[in-house]
Amino acid sequence: MKTFFSIILLALSFSLFAHEGGHGDVEDGGKFGGVLSPIVAKSEAGKGNKAKFLYKAELVRSAAGVLSFYIFDNEMKLMDLKDFSPEIAAKLEVKKKGKFSYVGDFKLQKNGNHYKGQLPKIEYKPFNIDFFLSHGKQDLFVGFSNLD
Amino acid sequence: MLNSIIKLALKQRLIFLTAAIILLIVGAWQALHLPVDVFPDLNRPIVTVMTEAPGFAPEETEIEISLPIEYALNGLPDLLRLRSSSGPGISIVHAEFDWGTDIYKNRQMVAERLQLAKEKLPPGISPIMTPSSSIMGEIMFIALTSPSGEMSPMELRTLAEWTVRPRLLSISGVSQIVTIGGDLKQFQILVSAEKMQSKGLTVEDLKHSLSEIGLNTSGGFINIGEREYLIRAMGRVESLEHMAESYVGTHLGNPISVKEIAEVRIGSHFKRGNGSINGNPAVVMTIQKQPSAETLSLTRTIEKELKLLSESLPNGVELKTDLFKQSYFIENAIGNVSEALRDGTIMVAIVLMLFLMNWRTTFITLTAIPMSLVLTAIIFHFFGIGVNTMTLGGLAVAIGELVDDAIVDVENVHRRLSENRLLEYPSPVLKVIYEASKEIRNSIVFSTLIIVLVFLPLFALSGLEGRLFSPMGVAYIISILSSLLVSLTVTPVLCYYLIGKKSGEAKVNKEGFFVRFLKKYAQRLIEITLVHPRVILIGVGVISFIAIYAVTFMGRDFLPTFNEGSATIGLQAAPGISLFTSNQKGMEVEKALLEIPEVKSTTRRVGRAEMDEHAEGVSWNEIDVDLHKSEKSKEKVFSQIRTKIKEVWPEVYVNLGQPISHRLDHMLSGVRSQIALKIFGPDIVELRRLGGEIYQKIKDIEGLTDLQVEPLVQIPQLKIFIDKEEVKKARMSAGTMAKDLEALLNGYSVGQLIEGQQIHNILLRLDEKSRSQPETIENISLKLLPTGDHVKVKELGNVYKGTGPNMINREGLQRRLVVSANSVGVDLNELVSTIKKAIQETNLPTGYHIEIGGQFEGQERSTRQMIWLGLLSLLLIFLVLFFHFNSAVLASQIMLNIPLALIGSVGAIYLTSRSFSLASLIAFVTLCGIASRNGIMMISHYLHLMMEENETFGKKMIIRGTLERLVPVLMTALTAILALTPLLFAKGEPGKEILHPVAVVIVGGLLTSTLLDLLVTPAIFWLFGEKAAQKAIQKYQRSKTEEF
């Protein structure tokens, strides 16, 4: 029961950060052929482009739905993940009739120089993914929008 | 038979002499009329299938077009590789066939298979084969500009398309002219979505009414009275006004004309490319030649036509023709090699004069050069071989050896004639000449045979290297065989006329000072050698071993770098950049490049021209830079070019090379770089990820430059997701909706408007306002309901800004991504092994693999082949020597010259490039033949002295034999060496790039083999030759007894 409530609480807390900021347009391709988005402090997630960009994240999705998540510094040098959280929580939303709605969450695990995980099956396009991770004691947030 | 030839020539001397003069004239004429090109035919038969598919995304182009075509072509006979590129609206499939196959037969097979593939392609899509062209097909650029601005970009383009292009295409030998830049004229009907909606019109109405906007039809024939009439319905639109007034539908019972819902205008065809020269906008035309056309004469014909054209151009238009021309490089390269040939001949003449100190003997010997060259020209003409740097190079390498046979013959005839004159009862001159020629006939023929045999395995070299070096071998062999023929026919005849008929005074064969000097010191040296033969042999053995060991430490290169006098710069901006920005930045780079004093002109193409067989995106700029001749090295100029580009456009990826070298790389691996790491696998995203992983692993390797992951990246796309459920509710199919959107957003041709001889398309699509924003697209009406309500896009799906691949490349029916790089300042082989080590631990998912290609691929294959072919050559030499001497010991003694030659070759390479290229390896195999010649002449003479001149085996005989052969050995070696000096001191000069390392190896090898041969052959013959010599003499005596 305790776990159930924790999950519900966590799920609800996600909606606080949903699409108020941190997303913006998809940037240029990254070093691994994926899309880039800035990583900001979770506390600044609502500030949009005014939030301080701490790092950059690159998201690569294979045809089988395997997600690879790389973290770079602002000079686009691949970062060592040892101080980052062992896993990343992710929240998924799809656009239907012009509005985004929450459909579920999943997790990414550390895998060498990047995080790896499986994207749940999605019927609609486009969709957004919000990622929650931590670096040391700092909670971080990164959002990718208009994915398909 | 050979003796009969000498006898016949001397008997019919006047006829032979006349024939020689006639051959000289005919051959000289042929030589001047042989086709000229920079390289031999390096074309690999490639058939390119191009399919335009307007509106298709790369993924769709790949699956719906490239894939069916690839499957249809797969399995064709002699097909080596299938490559394809699928970009937005374009699919290009390259079918690469085996060398030597007939391109026209290949094209026919491809055409047959395309018929089958067509059934599987989407409706309205039809693939075409691009005209056959050659790897060095782009022979020149021309450009049309209007510096005063009097002519608009559209007028310039129209002039280029309808006046200049047809005139040039009518020239025999021109295969294709690709035009880029300016504005391609188009008649446009740009519909306002808002107005269309207000008039209650749907996409279906537009498609139906405007597809018949203007047609001319025929009603057949009728007879009126005694005359026959053709019935014609004249409905074709002839002006913008006609188009504007055309009927498009009905609203509230009133007819609606086009102008009420659309703007009708003349506009530019949608551009995916642009061009400029020297940083100013221009219409750039690339002229391509047919594979069989001769570049120099074709260029001259085009230039003549352009001169005529420029006289009739309108005011304010400039036709620029002083841009890149391949003929500049050809003329420069051929001129340089011809100079080397001329200078080599002068060197040979000097050596001959110095040694012979007799103008008559010098003249006879020198005659061998023009005679052999014209005979070669006649044979070239007969077999359709042209003049190029490689065939000329073969002649340049052979030039010193062309006189060898004649030297040996003349020297012997001269000596025998002098001895004869001292006799109390001299023999008839003709008999002396015949006997003297016969005496050395065997060693001449066998040594020539060895040189020819050594070269034969080189013809087994496959791929590009085979195509490049075979013509060199052909020229070398033909000229050497011609010189043998001359030495057996013309040389004895000239000896009779010039030195045989001299007054019969008994003049001692007086040697020149130089020869006497040489012999004096050579004798002292040989005497010392014969006292300590083992010390000499051990010393030479140790040095040979060191030389062989040193080879393993030397760098390796495939082909030397060319110096083409021009540069090709590829600029890859981040995909997703607009054509406008990419074009602007490209022009800025051009202007910056022109600040470099060595830069003469720049010609730039960005993106893709219509009919271009490359699927380049607008992020790709290609600048061809023509360079002034300069004292500055090519490397320095290139470094300045890199710096300038980085100053103007720091974030762009630069690939800097030279036009022909780039194309050679492209042909070798399908990639324009020296090293190509090809990653194969099914998922483009995973390929990109792996490309990134590999990039990270190798980016810091020293000597790696221009490192790039093929920019197959995600580019911005405006996507319309069609919700199947909602579309069904609107009583529509997703396919119809997609097609309607394609018609409105991308547009389509509804007819043609003819202006004089010019045919222009009429395009129908939405105007910019209606298609420029996601919001306006969302509001496009797709259907009118009976209620009067419109069904809009936003009700049936989502319009959003997403991403998608810019291009998908395939090779061998698999998706492929290339990580490419060039090497700088390091050995290519070593660099590749470092790369291999760095990537060996890459975790590849199932179904993925990596192949390493590029120049490296060719180098590995050719080195392997050359080692085997070299061993085969050595075996052939041994067999010929064994057959000649009937002794394995004597054959082995002669072959000792080969390690002696290796010492010099390795030393010479160490002093110059410190790198072994394929050309060095081939040169060394050639050297094996030339070096063996010295040993043959020496040991043959020892045997001759024992057999014919009653000498016994001993130091005295060896010293006499060596000294008597000293002059011909030194002369043949010196002529060969000095003839190559013009190539030796011409590193990097155009045309001599491949020939320089050949000269380095041969000169170095000949120097040591000749000098050490004078020490080693006497020593080894003294130590191990007695038994073998006695056996050979016994055999000779037995055969003589049998004759009687």
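1. Two strands pair if DSSP finds at least two bridges between them. By that rule, strand E2 (residues 55-61) of chain A and strand E3 (residues 66-72) of chain A are paired, since they run in the antiparallel sense over 6 bridges. One bridge can be looked up in the structure: A:Val60 has A:Ser68 in E3(A) as its partner. Everything in this note refers to a predicted model.

2. The pair belongs to a closed barrel of 8 strands in chain A, in the order E1-E2-E3-E6-E5-E4-E7-E8. The pairing in this barrel is antiparallel. Strands of a sheet pair through backbone hydrogen bonds, either parallel or antiparallel.

3. Chain B has an open sheet of 4 strands, with the order E6-E15-E5-E16 and antiparallel pairing. Which strands form the edges of this sheet? They are strand E6 (174-180) and strand E16 (318-320) of chain B, each of which pairs on one side only. On average, neighbouring strands here are turned by 20° against each other, again with direction ignored.

4. Within the chain B sheet, strand E5 (residues 138-145) and strand E15 (residues 283-289) of chain B pair in the antiparallel sense over 6 bridges. B:Ala143 has B:Val284 in E15(B) as its bridge partner. Helix H10 (residues 295-311) of chain B packs on the sheet and touches E5, E15 and E16 of chain B. The direction of H10 makes about 15° with that of E5(B).

5. Two packed helices are described by the angle between their axes and the distance between the axes. For helix H12 (residues 359-383) of chain B and helix H17 (residues 490-500) of chain B, the angle is about 150° and the axes are 10 Å apart. Angles over 145 degrees count as roughly antiparallel, so H12(B) is roughly antiparallel to H17(B). The crossing of H12(B) past H17(B) is right-handed.

6. Which residues of H12(B) meet H17(B)? They are B:Arg360, B:Thr361, B:Phe363, B:Ile364, B:Thr367, B:Ala368 and B:Met371. On the H17(B) side the residues are B:Val490, B:Thr491, B:Leu494, B:Cys495, B:Leu498 and B:Ile499. By class, the contact of these two helices has 9 nonpolar, 3 polar and 1 charged residues.

7. The contact between the chains takes 20 residues from chain A and 21 residues from chain B. On the side of chain A that touches chain B, there are 7 nonpolar, 6 polar and 7 charged residues. The model as a whole scores ipTM 0.70 and pTM 0.73.

8. Chain A has an average pLDDT of 78, and 80% of its residues score at least 70. Where in chain A is confidence lowest, and where is it highest? The lowest mean, 40, is in helix H1 (residues 2-14) of chain A, and the highest, 93, is in strand E6 (residues 114-118) of chain A. Over residues 1-28 of chain A the pLDDT stays under 50, and the model has 38 contacts beyond four places in sequence for this stretch.

9. For chain B the mean pLDDT is 85, with 96% of the residues at 70 or more. The pLDDT is below 50 over residues 503-508 of chain B, a stretch with 6 contacts in the model beyond near neighbours in sequence.

Technical notes. Residues are numbered from 1 along each chain as its sequence is written. Chains are lettered from A and ligands numbered from 1 in the order in which they are written. This is a predicted model: local features need pLDDT of at least 70, side-chain atom pairs count only at pLDDT 80 or more; totals for chains, interfaces and linings use all residues. Axes are lines fitted to C-alpha atoms, for helices over the stretch in contact, and angles run from 0 to 180 degrees between N-to-C directions. Helices (H or I, at least four residues) and strands (E, at least two) are DSSP runs, numbered from the N terminus. Angles under 35 degrees count as roughly parallel, over 145 as roughly antiparallel, 65 to 115 as roughly perpendicular and the rest as oblique. A crossing is left-handed if the near helix is turned anticlockwise from the far one by less than a right angle, and right-handed if clockwise. Two residues are in contact if their C-beta atoms, placed from the backbone, lie within 7 Å. Ala, Val, Leu, Ile, Met, Phe, Trp, Tyr, Cys and Pro count as nonpolar, Asp, Glu, Lys and Arg as charged, and the others, Gly among them, as polar. pLDDT is the predictor's confidence in each residue, from 0 to 100.
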